[in-house]
Amino acid sequence: IDYSGHSFASYPNGLAALFGDNAIPLEGALQIFAFIGFLELNVMKDSANGAEPGDFPGDFRNGALDFGWDTFDEETKLSKR
């Protein structure tokens, strides 16, 4: 994870990763939370938040990444929702 030799195996899992003796440094945790906040506020917008209206509630397509949704027939779209 950093240049001083810490790897992912150096840190515990669960709540101990946040509050234990070998916890992730505060700066690292804040960086993760800030990145998630950026995604929530700027990228993953639903039509209720002012983005282009989608085909259905929860349609988070933003025009940048499309896995061929428009090429599916209606039955396939319904089964994937």
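The chain exposes about 6900 Å², and carbon and sulfur atoms supply 60% of that area. Accessible areas come from the Shrake-Rupley method with a 1.4 Å probe; for residues, only the protein chains shown count as cover. This is a predicted model: local features need pLDDT of at least 70, side-chain atom pairs count only at pLDDT 80 or more, and totals for chains, interfaces and linings use all residues. Residues are numbered from 1 along each chain as its sequence is written, and side-chain values use heavy atoms, with hydrogens and water left out.

The chain has 3 helices and 0 strands. Its pattern along the sequence is α-α-α. Helices (H or I, at least four residues) and strands (E, at least two) are DSSP runs, numbered from the N terminus.

Of the 81 residues, 11% count as buried. Buried means under 20% relative accessible area, exposed over 50%, and partly exposed in between (1.4 Å probe, protein chains only). Among contacts (heavy atoms within 4.5 Å) between residues at least 6 apart in sequence, 3% join residues at least 24 apart.

Two residues show both classes.

Lys-77 touches Trp-69, Asp-70 and Phe-72, leaving aside residues up to four places away in sequence.

Phe-19 also belongs to a nonpolar surface patch with Leu-15 and Leu-18. Together the three have about 370 Å² of accessible area. Patches are made of residues with over 30% relative accessible area and no salt bridge: like charges are joined within 9 Å, nonpolar side chains (Val, Leu, Ile, Met, Phe, Trp, Tyr) within 5 Å. A salt bridge is a side-chain nitrogen of Lys or Arg within 4 Å of a carboxyl oxygen of Asp or Glu.
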